[in-house]
Amino acid sequence: VQLVESGGGLVQPGGSLRLSCATSGFTFSSYNMVWYRQAPGKQREFVARITPGAITIYADSVKGRFTISRDNAKNMVYLQMNNLKPEDTAVYYCNNLYSTFKWGQGTQVTVSS
């Protein structure tokens, strides 16, 4: 199994980024996929989840600003992040619902003016 996150960067408050997670080595379409994030000095936390049937669930802190999506043909999961805030600064990771896959390297998102 491989998980490769990309798309992070430095953005001003109010800006947008689109994160991508390329996956391989498992039957992607059968899995709930989740974006997590870990800020400096904090535990990794849940951000958003998408079921095999594309039902989406969000943490309260990102609801209305972030959108998770998936492309089963490409084995990809995405996170569109709008109206970014400094508190969104973190390393973002994707994994399955129970985090049983080996973690990827993550992608750094920094929101700062």
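The following dialogue explains how to read several features of a predicted model.

Me: What conventions apply to this model?

Reply: The model is predicted, so local features need pLDDT of at least 70 and side-chain atom pairs count only at pLDDT 80 or more, while totals for chains, interfaces and linings use all residues. Residues are numbered from 1 along each chain as its sequence is written, and side-chain values use heavy atoms, with hydrogens and water left out.

Me: How many disulfides does a search of the whole structure find, and which residues form a disulfide?

Reply: A disulfide is a pair of cysteine sulfur atoms within 2.5 Å. The search finds one, formed by Cys21 and Cys94 with their sulfur atoms 1.8 Å apart. This pair links distant parts of the chain, 73 residues apart: Cys21 is in strand S3 (residues 17–24) and Cys94 in strand S9 (residues 90–96). Strands are DSSP runs (E, at least two residues), numbered from the N terminus.

Me: Are Cys21 and Cys94 buried or exposed?

Reply: Buried means under 20% relative accessible area, exposed over 50%, and partly exposed in between (1.4 Å probe, protein chains only). Both cysteines are buried.

Me: Which residues touch the most other members of the largest nonpolar core?

Reply: In soluble globular proteins, nonpolar side chains tend to be buried together. A nonpolar core is a set of buried Ala, Val, Leu, Ile, Met, Phe, Trp, Tyr and Cys residues joined through side-chain atoms within 4.5 Å. Here the largest has 28 residues, of which Trp35, Val77, Leu79, Met81 and Tyr92 touch the most other members. Elements giving two or more residues to this core include S3, strand S4 (33–38) and strand S8 (76–81).

Me: Which residues are linked with Arg37 in a network of salt bridges?

Reply: Side chains of opposite charge can pair when their charged atoms come close. A salt bridge is a side-chain nitrogen of Lys or Arg within 4 Å of a carboxyl oxygen of Asp or Glu. The network links Arg37 with Glu45, Arg65 and Asp88. Arg37 meets Glu45 at 2.7 Å, N to O, and Asp88 at 2.9 Å. Asp88 lies in the loop between S8 and S9 and Arg37 in strand S4, so their pair ties together parts that are 51 residues apart in sequence. At 5% relative accessibility, Arg37 counts as buried; Glu45, at 36%, counts as partly exposed.

Me: Where is the nearest side chain of opposite charge to Glu5?

Reply: Lys and Arg count as positive and Asp and Glu as negative; His and the chain ends are not counted. Glu5, in strand S1 (residues 2–6), is buried yet has no salt bridge, and Arg44 is 8.1 Å away. A polar atom of the Glu5 side chain lies 3.1 Å from the backbone nitrogen of Cys94.

Notes: Helices (H or I, at least four residues) and strands (E, at least two) are DSSP runs, numbered from the N terminus. A polar contact is a pair of N or O atoms within 3.5 Å; within protein, one must be able to donate a hydrogen and the other to accept it, and residues adjacent in sequence count only if both atoms are side-chain atoms.
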